Amino acid sequence: MTDIDTTAGKYLRDKYAIIGVGETTYTRGSGMTTRSLGTWAIKNAMDDAGIPASEIDGMMSYAGNDSTASPMLAGDLGIRLNFYMDVQGGGSSSEALIGLAIGAIEAGMCETVVVFRSMNGYSQVRIGGTGARASVPVGGDALHAAAYGWFSAGQNFSPTFMRHMYDYGTTPEQVAMVKVIHSEHASNNPKAYYKQRVTVEDVVNSRMICKPLHLLDCCVETDNATALIVTSVDKAYDYRNTPARILGVAGRVCKPRIDMHFQHGPISTVAGHYIKDIIYRNAGVGPEDIQCTGAYDAFTFTSMLQLEDYGFCKKGEGGDYVSSGIMRLGGERPNNTSGGHLCEGYTHGMNMIIENVRQLRGEVDCYCPQDDNGKRIHSYNYAPPEEGGGCRQVPNLEITQNLGWAMPGTGSSLIMRKG
Amino acid sequence: MPQGEYLGMTLTVLDLDQENLAYFQHCADHDFHLQQCADPDCGLIRYPPGTACPWCSQREFNWVPVDARGEVHSYGEVHHAIQPAFRERAPYMILLVELDTQSGVPTEHEALRVAGNLVDADGNFATPDLVKQVGIGSRMRMVFADVAEGLALPHWTLDEDAEQPDAPWRYPQEVNGV
């Protein structure tokens, strides 16, 4: 890894931290508005950090469908804002907004920023695209895609996934292991929407949605809000938990021809190919230093493609990587220890950052018992709870990376270290 | 404003959307055209329609006829349709066909990859038997589905005049015989 002169101040490596995280129950049919969900998640993050409303003065969020605006939530919670911005975006916005929050603080616009995502992704605007979204008129640029029934995320990404199988001989059974492993992790996560462990056979025998995607290759649709709090390191230690320090961020990095990236191949290569040159430079570490990943799993294939293009294995060997057991709890570099989008819940990447923050604290909320002070006594037994396991804490964890996915051509990344 | 019903969907092109108006008018004429950069040092053809040249940022362009034949570069095969319009058509194929024109130009992995559904020679959505015959490497030619005055959609059918691969690459698992 080529290092850089961090004294230049430009890279802000290790100067900011996440001090609090919170979420609502991952559910279907929340029975409340995204405004109500959002306040719960932010309040939970504030309680987690032990930070009062008076010490938060920035707020950011993103939405590509249903959400709620920062001013409503700030008003509800008694937060007076010096800065807020609600942007359009879906997957991979979480990491990018953390970078922008750092920028806002660095520019002197505010001091401590809440980033949130609130969505009724099942009961209001379904993430999979079914319901009202699927029946709208098709016009203009969409005539080159939606008019062909090339519309939902799975449909859009399928030529990239298929071409990877063609180019490199990747098999359905290899890719299915992403779901298998994430389901093992989810079984040890009391919060996960799907806690049932599944097998490769379960995945490849599940209903075909859009080749090469079976039902179990696709993420769950849930209703939930998620929030995290970013501040500078000089303040970060004033609060309740050990901060997760931010080593580097890359935000919404794109492949060429992002208008329709299939024009610029190889189409089996994704944005991680470009992101890796930014994120590892900014963080001053390389893939070999990362002990736990959060590779966005909108689909089984998205985790695999990203891990491959970031350099966790050689190009084309993603199928081997994800089926080798490396990504399993107890393996060399576990991925999505919460169960991720495939099993825990769908939040456009926020839950994977929250998970890694808790992992870095050594305080993952698994089935292990807590002592009198609420500190988790981890067994590091990753068997299911009914077999005496139930743990999902990664031991001796120092550095994690989140690999955020928007689409094959766009992504973001975040590297954190233990505070 | 070109507007019409297609498979139960409303398709429209706005009057101010000059690039898409011209693109779909050529399709309605069953005469495939794409934009060619007017810069003499560039001259590259682009897809999908856009407002400037992706290689040199030149805003000026000309519509030029393009031979609408090529090879399947990749595909998706939808078994569970999301849009109501497509429920009766599933399983249907979304094809990305790499045109022979400008393949590998200006760099090795660049090409004009034009989307469309797999249809038969008469433009009807492919039956499961036909779907089974098409995969990566299949040679295709364009056919048009007329939607309204000034609006037709390009689709793809097997090119009867081309030499087809013995076995185009297809996803290894069959579902419902496809």
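Within strand 7 of chain B, Ile94(B) is the bridge partner of Gly76(B). Helices (H or I, at least four residues) and strands (E, at least two) are DSSP runs, numbered from the N terminus. The model is predicted: local features need pLDDT of at least 70, side-chain atom pairs count only at pLDDT 80 or more, and totals for chains, interfaces and linings use all residues. Residues are numbered from 1 along each chain as its sequence is written, while chains are lettered from A and ligands numbered from 1 in the order in which they are written.

**Strands of chain B**

Two strands pair if DSSP finds at least two bridges between them. Strand 7 of chain B pairs with strand 6 of chain B in the antiparallel sense, over eight bridges. Strand 7 of chain B also runs antiparallel to strand 8 of chain B, to which five bridges join it. Ile94(B) has Asn117(B) as its bridge partner in strand 8 of chain B.

A residue is buried if 20 or more other C-beta atoms lie within 10 Å of its own, exposed if 12 or fewer, and partly exposed in between, with C-beta atoms placed from the backbone. By this criterion strand 7 of chain B is mostly covered, eight of its eight residues being buried. Tyr92(B), Ile94(B), Leu96(B) and Glu98(B) point one way from the strand, and Met93(B), Leu95(B), Val97(B) and Leu99(B) point the other way; all are buried.

Val143(B) belongs to strand 9 (residues 139-148) of chain B. Val143(B) counts as buried because it has 20 C-beta neighbours inside 10 Å. Two residues are in contact if their C-beta atoms, placed from the backbone, lie within 7 Å. Leaving aside residues up to four places away in sequence, Val143(B) touches Val119(B), Gly123(B), His155(B) and Thr157(B). Val143(B) lies ten residues from Leu153(B) in sequence and 8.5 Å from it in space, C-alpha to C-alpha.

**Overall form of chain A**

Chain A has twelve helices and twelve strands. Its radius of gyration is 20 Å, close to the 22 Å that the globule rule gives for 419 residues, so chain A is as compact as a globular protein of that length. The radius is taken over C-alpha atoms, and the globule rule is 2.2 Å times the number of residues to the power 0.38. The C-alpha trace of chain A spans about 55 × 55 × 50 Å along its principal axes. Of its 419 residues, 60% count as buried. Among contacts in chain A with a separation of 6 or more, 75% are between residues 24 or more positions apart.

An automatic or database domain assignment supplies the domain bounds. Chain A is divided into domain 1 (10-125 + 222-244) and domain 2 (247-418), and the centres of the two domains, taken over C-alpha atoms, are 20 Å apart.

**Contact surfaces**

In domain 1 of chain A, 25 residues are in contact with 34 residues of domain 2 of chain A. Between the chains, 43 residues of chain B are in contact with 42 residues of chain A. The table gives the make-up of one side of each surface.

Helix 3 of chain A gives the most to the side of domain 1 that touches domain 2 of chain A, with six residues. On the side of chain B that touches chain A, strand 6 of chain B gives the most, with five residues. Strand 5 (residues 138-139) of chain A pairs with strand 2 of chain B in the parallel sense over two bridges, and Val138(A) stands opposite Leu11(B) in strand 2 of chain B.

Gln263(A) lies in the loop between strand 9 (244-254) and helix 8 (272-283) of chain A. Gln263(A) counts as buried because it has 22 C-beta neighbours inside 10 Å. Not counting residues up to four places away in sequence, Gln263(A) touches Arg257(A), Tyr47(B), Glu110(B), Ala111(B), Leu112(B) and Arg113(B).

**Nonpolar cores**

A nonpolar core is a set of buried Ala, Val, Leu, Ile, Met, Phe, Trp, Tyr and Cys residues joined through C-beta atoms within 7 Å. The largest has 164 residues, and those with the most contacts inside it are Val115(A), Leu228(A) and Leu95(B). This core draws at least three residues from each of domain 1 and domain 2 of chain A.
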